[in-house]
Amino acid sequence: MELWYTEKQTPTYGITMKVKETYVSEQTDFQQLDMIETEEFGTMLVLDGMVMTTDKDEWVYHEMVAHPVLYTHPNPKKVLVVGGGDGGVIREILKHPSVEKAVLVDIDGKVIEYSKKYLPQIACGLDDPRVEVHVNDGFMHIHDHKNEYDVVMVDSTEPVGPAVNLFTRGFYQGIYDALKEDGIFVAQTDNPWFTPELITNVNRDVKEVFPIVRVFWANVPTYPSGLWTFTMGSKKYDPLEVDESSIPEIDTKYYSPRLHKAAFVLPKFVEDLVK
């Protein structure tokens with residue numbers, strides 16, 4: 001008998017893939033967590049029925065959360081990741097020698113535990129001496145750490161369950177307060193095909209808090225529609241003013257110095273969402 005997994009990305013649309021093995025299927029204190037082995041995408045982390053990361057395409061998302069913002073800030077030393085318990089964004093942050101401390105705050109310790117066991121190539125940086133891991137509420141961590149971080153990255157699920165508060169104006173104001181005077185933040189902001197209103201609303205809310213706001217995008221095959229957006233809010237530095245020749249070539253598969261500004265060139269229908 002063949003076993004297939006389907007993520008219903010909307011009530012009328014989904015993606016389906018053949019499953020080789022189920023490693024974990026557990027209701028944690030916060031969400032349904034499944035770790036499965038698929039034929040096409042390798043090991044896959046699924047939270048509340050939504051694909052979070054896979055062996056095959058994880059590097060696109062993790063690189064694009066980390067590198068555009070870190071190369072926009074001229075000297076990022078202390079970085080916070082809210083969510084991201086799989087460790088992929090942390091792995092990318094550690095490629096930047098200026099970073100002295102990377103703090104990970106994820107509300108669900110089971111995500112961290114099972115990612116270390118079943119996704120070791122993604123979670124490989126979580127035990128690095130520069131990394132500090134907290135199993136806690138990222139919303140509260142932001143509230144309790146004022147003027148502390150150079151960069152904040154929000155690596156959350158879609159705005160359901162424990163991530164709902166991470167898509168609010170109050171949270172963006174909290175991030176602003178947690179950043180130093182020249183700090184920058186970035187968050188994943190879903191896709192323009194199925195959730196255009198989310199992109200519009202986030203852009204509006206972030207613009208009410210940060211003087212510089214930019215939206216960029218990447219292609220992530222296992223995420224709804226494949227076209228995924230990110231929103232950057234900055235107190236001082238504009239990613240479009242970065243000298244691309246100053247960006248070093250590092251060990252990446254998707255991000256490159258040539259892609260840095262190109263990623264901010266939006267298809268017109270996405271551009272219209274954030275005008």
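What follows is a short chat about a predicted model.

Reader: What should I know about the model before we start?
Author: It is predicted: local features need pLDDT of at least 70, side-chain atom pairs count only at pLDDT 80 or more, and totals for chains, interfaces and linings use all residues. Residues are numbered from 1 along each chain as its sequence is written, and side-chain values use heavy atoms, with hydrogens and water left out.

Reader: How many helices and strands in the chain?
Author: Eight helices and 12 strands. These are DSSP runs numbered from the N terminus: helices are H or I with at least four residues, strands E with at least two.

Reader: How compact is the chain?
Author: As compact as a globular protein of that length, because its radius of gyration is 18 Å, close to the 19 Å from the globule rule for 275 residues. The radius is taken over C-alpha atoms; the rule is 2.2 Å times the number of residues to the power 0.38.

Reader: How much of the chain is buried?
Author: Buried residues make up 57% of the 275. Buried means under 20% relative accessible area, exposed over 50%, partly exposed in between (1.4 Å probe, protein chains only).

Reader: Switching to α5. Which residues are buried there?
Author: Phe171, Tyr172, Gly174, Ile175 and Ala178, in a helix spanning residues 169–178.

Reader: Where do they sit around the axis of α5?
Author: They fall within an arc of 155 degrees, so they line one face of the helix. The arc is that of the directions from the helix axis to the C-beta atoms.

Reader: And what covers them?
Author: The cover includes β6 (78–83), α4 (138–144), β9 (149–155), β10 and α6. Contact means heavy atoms within 4.5 Å.

Reader: Now rings. How many aromatic pairs?
Author: The structure holds 15. Rings of Phe, Tyr and Trp (its six-membered ring) pair if their centres lie within 6.5 Å; planes under 30 degrees apart count as stacked, over 60 as edge-to-face and the rest as tilted. One of them is Tyr13 with Phe194: tilted, 5.4 Å centre to centre, 45 degrees between the planes.

Reader: Where in the chain are those two?
Author: Tyr13 is in strand β2 (residues 13–27), and Phe194 is in the loop between β10 (179–188) and α6 (196–207). They are 181 residues apart.

Reader: Which rings form a cluster?
Author: Tyr61, Phe216, Tyr223, Trp228, Phe230 and Phe264, linked by ring pairs.
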